[in-house]
Amino acid sequence: MKQESRVRLEVDLKKLSGNFNEIRRRVAPTAVMAVLKANAYGLGVLPVAETVRAAGAACFGVAEINEAIELAPLGLPVQILGNLLPDEIAPAVEYGIVCPLNDLGMAKEISAEAVRQNRRVRGAVTVDSGMGRLGMQAAAAAREILAMRALPNLELVGIYSHCSSAYQRYDDYTALQLGRFKALLAELAAEGMTFPFVHIAASDALNNFPESTRPPFTLCRCGINMYGYCDPEVRPSMHLVPVVELKTRLAAVRILPAGASIGYGRMHRLRQDTRVGTIAAGYADGLPLALSNRGYVLVNGRLCPVLGRISMDYTTISLENVPEAQPGDEVVCVGTQGDQTITLEEWAQLKGTHAYELLCSIGSRVGRSYLS
């Protein structure tokens, strides 16, 4: 019989729903695509998907075919944001996935597969307005896109692009990208070609560039904002709350003598006899190494500093502030206990990264539990 996980990620689905509704109000009447790639940023894709579907998501966005197939039974359109590998085209058509159309050649391959399967496939045109990653260059894309209209069994339901630096306030390059994309849309409209779903905004642009959610744009993509986080450089324009807490338990409590060294590399040496605890979580569970000798956790509502280097499965902390602590006590790594809070942003600042990476780094052995 499987035991309860030593480390658990608690996901508050009520807060998630509240965040999604706040985003919908912010961008209305523009529709919102819920981006659920990488197992919903590590939170667990199906509970998250069902919650945001109930909260009014227009469609789902994912990175690759297996993610798309998992969500297809939920009944909303599922778009692969990026590219399809050659052997992924057939299942994408079979499962009714909205396929990315990175160029005319790819559109022809997808169309031919739809004809072979006697199905009608939906496609979304990918435009490179300055990201330099995928899609047709905006300035030269019109002719190829217009040619896609004639392809059999292919329905063009969308056109989209992606901003490279919308996390920077007043970014001139983002304004340039918006202008390039709008110019292409106008060029296509002059030829009688329009799309139901037009989008360029992701979470960063939702906050810093509200014009990216206004006409001619009819859809926006939202990932990290749904979970209550922003890029550190973003100016938040919505009231969002974090939806996750990361918790574990004390595995051991000991008193070590002055002079004792702690952890790999003896990164910490005790100056006095010290009550120390070992918690049942390490970097395999998502605790970044950057917390070594610098971070904190919460035990009984009090901050306890990390001692020495974090290891794969365990982390040593000082319990000098919590003399009553015992093995089995709850430890909050991210979240609130009593009147103290440790945020994911604090972790990100120590590591020099952002919340995206930290959420996606929470290990597979960490149990996910859902509050509703």
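Tyr41 is placed in helix H2. In this predicted model, Tyr41 has a positive phi of about 60 degrees although it is not a glycine, and at 7% relative accessibility it counts as buried. Ala40 belongs to helix H2 as well. The phi of Ala40 is also positive, about 55 degrees, and Ala40 is not a glycine; its relative accessible area is 0%, and Ala40 is therefore buried, the cut-off being under 20%. Most residues other than glycine have a negative phi, and most peptide bonds are trans.

Two cis peptide bonds are described here. One joins Ala28 and Pro29, with omega about 10 degrees. Pro29 lies in the loop between helix H1 (13–27) and strand S2 (31–35). The other runs from Pro215 to Pro216, with omega near 10 degrees, and Pro216 is found in the loop between H9 and S10.

The chain as a whole has eleven helices and 20 strands. Its C-alpha trace spans about 80 × 50 × 35 Å along the principal axes. Of the 372 residues, 52% count as buried. Among contacts between residues at least 6 apart in sequence, 67% join residues at least 24 apart.

In soluble globular proteins, nonpolar side chains tend to be buried together. In the present model, the largest nonpolar core holds 118 residues, and Leu36, Ile145, Ile159 and Tyr227 touch the most other members. With residues up to four places away in sequence left out, Ile159 touches Val125, Val127, Ile145, Phe181, Leu184, Leu185, Leu188, Phe195, Phe197, Val198 and His199. A second, separate core has six residues, including Ile262, Leu270, Val276 and Leu307.

The largest pocket has a volume of about 690 Å³. Its lining consists of 33 residues, of which Lys37, Arg133, His162, Ala202 and Arg221 lie nearest the centre. Two or more lining residues are given by each of helix H2 (37–41), strand S6 (121–128), helix H9 (203–208), strand S10 (219–222) and helix H11 (355–360). By residue class, the lining of the largest pocket comprises 19 nonpolar, nine polar and five charged residues.

For the second largest pocket the volume is about 240 Å³. This pocket is lined by 17 residues, and Lys15, Pro242, Val244, Glu245 and Gly335 are the closest to its centre. The elements that contribute two or more residues to this lining are strand S1 (8–12), strand S11 (244–256), S18, S19 and helix H10 (344–351). S18 supplies the largest share, three residues. The lining of the second largest pocket divides into eight nonpolar, four polar and five charged residues.

With a relative accessible area of 66%, Gly338 is exposed, because exposure is assigned over 50%. Gly338 and Ile145 are separated by 193 residues in sequence and by 57 Å in space, C-alpha to C-alpha.

Thr278 is situated in strand S14 (residues 274–279). The relative accessibility of Thr278 is 17%, so it counts as buried. Beyond residues up to four places away in sequence, Thr278 touches Arg249, Leu250, Ala251, Ala252, Tyr314, Thr315 and Thr316.

Ile65 is in helix H4 (residues 65–71). Its relative accessibility is 6%, and Ile65 counts as buried. Ile65 touches Ile80, Glu88, Pro91, Ala92 and Ile97, again not counting residues up to four places away in sequence. Leu85 is 20 residues from Ile65 in sequence, and the C-alpha atoms of the two are 9.0 Å apart.

A disulfide is a covalent bond between the sulfur atoms of two cysteines. The count of disulfides in the model is zero. For Cys163, the closest cysteine sulfur is that of Cys220, at 12 Å, which is too far for a bond because the cut-off is 2.5 Å. Cys163 is buried, with a relative accessible area of 9%. For Cys333, the closest cysteine sulfur is in Cys304, at 11 Å, again too far for a bond. Cys333 counts as buried at 0% relative accessibility.

Notes: Residues are numbered from 1 along each chain as its sequence is written. This is a predicted model: local features need pLDDT of at least 70, side-chain atom pairs count only at pLDDT 80 or more; totals for chains, interfaces and linings use all residues. Side-chain values use heavy atoms; hydrogens and water are left out. Buried means under 20% relative accessible area, exposed over 50%, partly exposed in between (1.4 Å probe, protein chains only). Helices (H or I, at least four residues) and strands (E, at least two) are DSSP runs, numbered from the N terminus. Contact means heavy atoms within 4.5 Å. On a 1 Å grid over the protein atoms alone, a cavity is a set of points where a 1.4 Å probe fits but cannot get out, and a pocket is an open set with protein on both sides within 12 Å along at least five of seven lines; lining residues have an atom within 4 Å of a point. Grid points are joined across faces, edges and corners, and a volume is the space filled by probe spheres set on the points. Ala, Val, Leu, Ile, Met, Phe, Trp, Tyr, Cys and Pro count as nonpolar, Asp, Glu, Lys and Arg as charged, and the others, Gly among them, as polar. A nonpolar core is a set of buried Ala, Val, Leu, Ile, Met, Phe, Trp, Tyr and Cys residues joined through side-chain atoms within 4.5 Å.
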